Amino acid sequence: DAVVTLSHSTVQQWLGRRWRNLFIQYASRDADAVHAASRPEFFGLRADSRPVEQRVAERFLKGKGVREWADAVPGGSSHLPPAPDLSAAGLSNETLVLWCPGLVNGMLPVRGFNPSLAELQQETGINVLRAALHPLRGCAENAEDVRRALEEGVGLKADLTPMTEPPPPHTAVIAICYSKGMPDFLEFLLQHPEWRSRVKCIFSWAGAIGGSPLADNVWSSIGSWDLNTVMRRLSEVLDWLCPIVNLRQGPLERVDEMRLKDAVLELSVAHRQAWLREHMAELARMNVPVFCITGSTTLQDVAYFNASGWVLLNMYDGNNDMQLTQECAKLEVPLAMHLGMLNANHWDMTYGSFPAAMALGSRKLNHQFPKRAALNAMIALAHELGFL
């Protein structure tokens with residue numbers, strides 16, 4: 001029985017090890033990732049002598065993954081198989097890979113997994129759709145955006161061009177949900193149980209499952225505001241949430257649907273924990289595998305305008321990613337498992353480098369985390385499990 005098997009702790013531990021192994025292998029093939037992970041020795045007189053697998057594991061992973069690099073060395077003693085060439089793996093084009101973005105979707109100067117999703121689609125032929133989740137609205141309402149993506153094809157193609165034709169035919173869905181996109185997708189599954197059997201698995205990519213203390217902090221300031229105050233002080237609130245926001249994009253296209261207070265409230269720890277307590281039994285009965293991948297960073301690796309967020313979260317968890325704690329990025333149901341902890345902040349693990357003119361003077365937005373390697377590892381694991 002697949003549900004019983006995937007619920008077993010030994011199997012879950014092995015799947016975590018396999019995903020980390022796949023990630024190290026794919027990252028070791030990425031010249032940019034190897035360059036970012038390498039450091040000269042003897043005062044710059046000698047090139048890095050460590051195996052490339054060790055370099056990328058120590059640079060981009062934390063926890064168990066750092067010690068597992070030897071398993072990824074080609075021809076080594078590991079019993080784990082080589083990472084597959086996805087372009088030759090015969091991936092099914094009847095399975096849709098759905099990307100669910102987070103808060104302020106479309107309002108930043110960069111997009112999640114761009115150009116990695118487009119490159120993956122071009123090389124493998126799989127179907128990819130970026131859901132058009134409203135950037136400043138509650139999770140319960142954004143569930144409708146998920147439904148429209150799956151049933152009507154509303155969203156963007158992998159290369160960020162508008163999806164103008166009907167959705168590609170698909171019999172199954174693999175969801176990759178980032179930040180607020182994860183509770184948005186869970187709300188969708190609650191509201192539309194007819195879709196549960198078609199969702200083969202969910203990758204929670206720094207998913208804000210349990211909320212964030214940062215949202216609680218903002219809510220304490222705006223919770224008593226009326227609508228007029230919210231609209232009048234919109235720019236101020238957005239500065240609290242994310243200073244690098246372009247108000248010419250995103251919510252102004254759907255301003256009548258904007259529910260800023262709902263977005264903040266439904267990301268608060270108090271709200272999300274209450275929501276999880278209410279729906280935990282039903283989430284467990286869905287029998288949808290959830291693979292949680294989390295980030296962890298340090299104060300010196302975040303932009304100065306994100307430093308206060310990291311300091312606040314550090315009071316709860318020294319392994320926070322500047323937006324979420326480890327606990328709040330995990331789901332506690334039998335079919336949910338933690339695949340790995342990345343050495344990357346909440347933005348680094350998802351977005352490419354910000355344009356210098358949009359970095360507000362910070363040098364910490366040159367995001368070097370190998371997103372394509374991580375994406376390959378997710379797709380390869382789903383393929384090995386028979387989901388794709």
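Is Cys-292 buried or exposed? At 1% relative accessibility, Cys-292 counts as buried, a term that stands for under 20% relative accessible area, with exposed meaning over 50% and partly exposed lying in between (1.4 Å probe, protein chains only).

The model on display is predicted: local features need pLDDT of at least 70, side-chain atom pairs count only at pLDDT 80 or more, and totals for chains, interfaces and linings use all residues. Residues are numbered from 1 along each chain as its sequence is written, and side-chain values use heavy atoms, with hydrogens and water left out.

**The cysteines**

Select Cys-177, which is buried with a relative accessible area of 0%. Its sulfur lies 4.1 Å from the closest cysteine sulfur, that of Cys-100, too far for a bond. The structure holds 0 disulfides, a disulfide being a pair of cysteine sulfur atoms within 2.5 Å. Cys-292 is likewise in no disulfide; the nearest cysteine sulfur, in Cys-177, is 10 Å away.

**The sheet**

Next, display the strands. Helices (H or I, at least four residues) and strands (E, at least two) are DSSP runs, numbered from the N terminus. Two strands pair if DSSP finds at least two bridges between them. Select β1 and β8 (residues 336–343): 2 bridges join these antiparallel strands, and Lys-62 stands opposite Met-341 in β8.

Move to helix α7 (residues 181–191), where 10 of the 11 residues are buried, so the helix is largely enclosed by the rest of the structure. Among the elements covering its buried residues are α6 (139–152), β5 (172–178) and α12 (269–285).

Finally, select Arg-196, in the loop between α7 and β6. Arg-196 is buried, with a relative accessible area of 16%. Its side chain reaches the backbone oxygen of Leu-189 at 2.9 Å, and a polar contact of 2.7 Å joins it to the side chain of Glu-282. A polar contact is a pair of N or O atoms within 3.5 Å; within protein, one must be able to donate a hydrogen and the other to accept it, and residues adjacent in sequence count only if both atoms are side-chain atoms.

Conventions: Contact = heavy atoms within 4.5 Å.
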